[in-house]
Amino acid sequence: MPVLIEHIYEIVVAIVITVLLGTGALIIMAIARRQRRDRYFRRIDDLRQRYGPVIATMLSQKLEYERGREVLKGISGVDRNYVLEQLCLEKKPTPDQVPILRRLCEDLGLVRVWQQRLSGHLDIASIRDTFASPEGVLHRVGRLHFLLRAKAADNLGIIQHRASWPLLVKALEDSHPDVQAVAVRSLASIQEPASFAPLVERLNAVILKPSTRISLRSIKTALVSFPLKQTAGLAASLAHQHRRIRFLATDIIREIVERQSAWEEDFVLDANVFPQELGEIFLGQLCFDENPDVRARAASVISHLSDARSTPVLLTLLEDAQWFVRLHAVRALAKRKYLSQAPQIAQRMTDPHWMVREAAARTLLVFGRVGSDQLAAHFLATQDRYSQEQIADEMQRAGLIPNLLAQYGGEAPGTEGKVIEQLVQMGKTSYIVSVLQSSSDQKLRRKFLMTFGRYLDPQIRGWVRQVATEETDPNLRTLAQTVIRPAIKQGES
Amino acid sequence: MEEWRQVFYHAMNMFNVVIVSYFFMANGMYTILMILSLGSVWLHNRRLTYQGLDELRESAVTPPATILVPAWNEQDVIVESVRSILRTDYPALEVIVIDDGSTDESMDRLIAAFRLVKMDLIYRPRLATKAVKGFYMNPRLPNLLVISKENGGKPDALNVGINMCRTPYFCTLDADCILERDALLRLMRPIVRSPENTVASGGIVRILNGCEVKDGKVVSVGLPKTAVERFQVVEYLRSFLFGRTGWDLLGGTLIVSGAFAVFHRETVMEAGGFLHDTVTEDMDLIVQIHRWATHHKRKIKMKFTSDPVCWTECPAQVTMLGRQRRRWQMGLCQTLWKSSEMLFNGKYGTIGMLSFPFHLYVEALGSVVEFLGYFMVPLALLFGMVPVPLFILFVVLSLVYGSFLSVGAVLLEELTYRRYPGFRDLVILLIYAILENIGYRQLVLLYRVQGVVRFITGFRSWEKVTHVGAG
């Protein structure tokens, strides 16, 4: 049948009408949605005003628990559970509040509902909520049910509901990656020791089956949050033939150890806190692992071990063929107990890779006076320009220049004077000049002027000119003027 | 004479076919994007209820990131911006401000406000850049580094920042933008949570005009006062909420706003960093990364998410709007032109087969077709080649369809984030969504065509857009 102009008219008119109706429908939807949401938020705000203080005072233990619970039981309506969930979990609870909140959620029947939802059962309350909450009907659409399961898993994690850990472990096999990821997180929050092994299993499965839809980082984050004593559960992974599994297991232990050491001063990994078996694996196997990533990550753990073998092992890693192993070894030695290794660390200041040089300088600075002396001595002795540049960089970043200048201005400057001189000769004068410009130490300024005033460095020259013209102290001004004249001539010639 | 008349009639007919095809193709694709993003944004919004930002914030596994802030003559906003950026909620954050040879007091103000001292630090230029004049730091504020360099444009400034950046990821942020406190965490979430290698993550840019800002923070969201600004609010909603979300869902992300995006540093360096041969360095980088990844057989992912928010000032004056849109269009053409090998190239997957052709034929060349249509169709009408009622029907359809898409964007906002709280705001947005197609759309079209003309004529300069100081 030929297409006639009348047909085109009809088609276009039909499209116009459809689009017009569609636009109208969208407008109505937007307005209706706004009105409904406004009503909903007014109700929530009202409930928050009425019951929010009750929950807050219960959690801060200013209100007797039973009284508060009875008040909250008074909340009714089709969306009771939804509203209670909103009120109870509105703010992240502090560690002291968690037990009270957990008990409250149990007593109000919320835990049971969440458990049922997570296990995929339909309960009366869920069905009621489904029709009461704004998107409830959609939640019942099979493909969208994961939203309810994931939220339920999340809630159980927030209140650290220990009894729910088997359900959460089961959720690691859920068909939707969101539910798996939230279950992993909730297990980390609950920290049930028995859930560590399934999480490790899951980690290994993700490595061995790259098609898995859950991120490796999510599982690693969860495992890292467990206490140190759980690391025994990683022994098999440390000896695994798959190099990535060994690497991740090592890295997880490293993260746990680092976290623990940040909390405790003089932290040591001894047999009381760390399984001896693991210590042996680290000292006997992992530091010689064929995978350089494993060797690198092992360095940090080894540095905390209270074993005489750790120092020689770390010194071996300091000479590793891979630059990032050396980098991690240098960083691992940044503890005061390795103060005596400062000369070996200083040798890494001439490492071919700049990141190792930088780490070595930073490690030496961690040692305080001894380290900075070592750094200064190396700075003055070395002929390696890269090494000198790196040290000058670190001295500036760490804010050492004002101290060096103050000591240089003192009676017996010694090394500091030579360091300053070296910095000036390298043209690293910006920071020095900034300090001099803001310093009120006339003795220092005079001394610097007399020693370095004639240097051709543009920054020093600018400062000398400034002193020669703007200085209020007539003696210093005259000195600057005498210094600058030959300097100008020298520059001209 | 008759032959010429025949040629003319033939050409007119051909053009009419082109314009009708363009109309259905463009609007069809926009409708598909709208439907896809309606579902996607709604679902994403629901998923946010169990997102676990706290875990990301507290985890030792969350990778450190650096915010790079290129700035040129931003003396009025720079100090407050940097203060606000330093307050960003992120566990391991560094900030690098790159002053691109400002001629105003930007550097002096930064030095005074943060007590910075000049240092002679090591500069390792893996990406070639203009000379660096100095590094400024305060040892007590070790996560802030200010770099002063010779003027070389935004891409050059960003490359200097990348060269000095030490973290695996960096976030580009314009100096006049305001980042919501947890925006970087939200932007990093797809990178951390994705099982795939996500090398770029973009967030939504919203319009600051009309909002109340206090201490570098948006404290109250409102609509701007002038029509030009309000039209842009609708336009941004459409572009970000359903344009970019739709393409993200299809795996065809070709644009990530450089005003606010996170990139994997090593990937960007491997891909050659920000190049200077286009005026829209953000889109250019994305295309470049796609090409690099395909050539090196790397499996990468780029993600757009609609909940990390960055607020930016939009042009309040028509002349400034013109400058902005001409630049955007010119940059689009430059980028697409230099990467023409991607067009219908199966090696690039959705990008090559769908996203690139769409951006070329609809976003770049479509402006010219639509613009010519405003002249040619009436001409055809004049010569009696198109019946009057059909002409009127098509005009009505074009206006109604435009409104339908814009209203859809407003509905999407209403279904999800509802950032404009007043009922009046919603009504105004809906009105402007309808009115956008009468006058504003044609104005923007004119600027876009000017952008194409500038691309063809080889115009290279960057027109500076000045703001009146919204918020």
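Biologist: In which loop of chain B is Asp215(B) found?
Modeller: This is a predicted model, in which local features need pLDDT of at least 70, side-chain atom pairs count only at pLDDT 80 or more, and totals for chains, interfaces and linings use all residues. Residues are numbered from 1 along each chain as its sequence is written, while chains are lettered from A and ligands numbered from 1 in the order in which they are written. With helices (H or I, at least four residues) and strands (E, at least two) taken as DSSP runs numbered from the N terminus, Asp215(B) falls in the loop between β9 (212–214) and β10 (217–220) of chain B.

Biologist: Is Asp215(B) buried or exposed?
Modeller: A residue is buried if 20 or more other C-beta atoms, placed from the backbone, lie within 10 Å of its own, exposed if 12 or fewer, and partly exposed in between. Phi of Asp215(B) is near 50°, a positive value in a residue other than glycine. Because Asp215(B) has 9 C-beta neighbours inside 10 Å, the residue counts as exposed.

Biologist: Which are the edge strands of the open sheet of ten strands in chain B?
Modeller: The sheet has mixed pairing and the order β3-β4-β5-β2-β1-β6-β11-β8-β12-β7 (chain B). The strands that pair on one side only are β3 (117–119) and β7 (178–179) of chain B.

Biologist: What is the bridge partner of Lys118(B) in β4(B)?
Modeller: β3(B) and strand β4 (residues 132–137) of chain B pair in the antiparallel sense over three bridges. Within β4(B), the partner of Lys118(B) is Tyr136(B).

Biologist: At what angle does helix α7 of chain B run to β8(B)?
Modeller: Axes are lines fitted to C-alpha atoms, for helices over the stretch in contact, and angles run from 0 to 180 degrees between N-to-C directions. Helix α7 (residues 227–250) of chain B lies across β8 and β12 of chain B, and its angle to β8(B) is about 155°.

Biologist: What is the radius of gyration of chain A?
Modeller: The secondary structure of chain A comes to 28 helices and zero strands. The globule rule, 2.2 Å times the number of residues to the power 0.38, goes with a radius of gyration taken over C-alpha atoms. For 493 residues the rule gives 23 Å, and chain A is more spread out than a compact globule because its radius of gyration is well over that, at 34 Å.

Biologist: Which helix of chain A gives the most to the side of chain A that touches chain B?
Modeller: Residues are in contact if their C-beta atoms, placed from the backbone, lie within 7 Å, and the contact takes 51 residues from chain A and 44 residues from chain B. Helices that each supply at least two residues of the chain A side include α10 (177–190), α14 (243–263) and α22 (385–397) of chain A. The most, 18 residues, comes from α1(A).

Biologist: How many of the 14 residues of α10(A) are buried?
Modeller: α10(A) reaches 20 Å from its first C-alpha to its last, close to the 20 Å expected at 1.5 Å a residue, where the expected span is 1.5 Å times one less than the number of residues. The buried residues of α10(A) include Asp178(A), Arg185(A) and Leu187(A). The helix is largely enclosed by the rest of the structure because the number of its residues that are buried is twelve.

Notes. Two residues are in contact if their C-beta atoms, placed from the backbone, lie within 7 Å. Two strands pair if DSSP finds at least two bridges between them.
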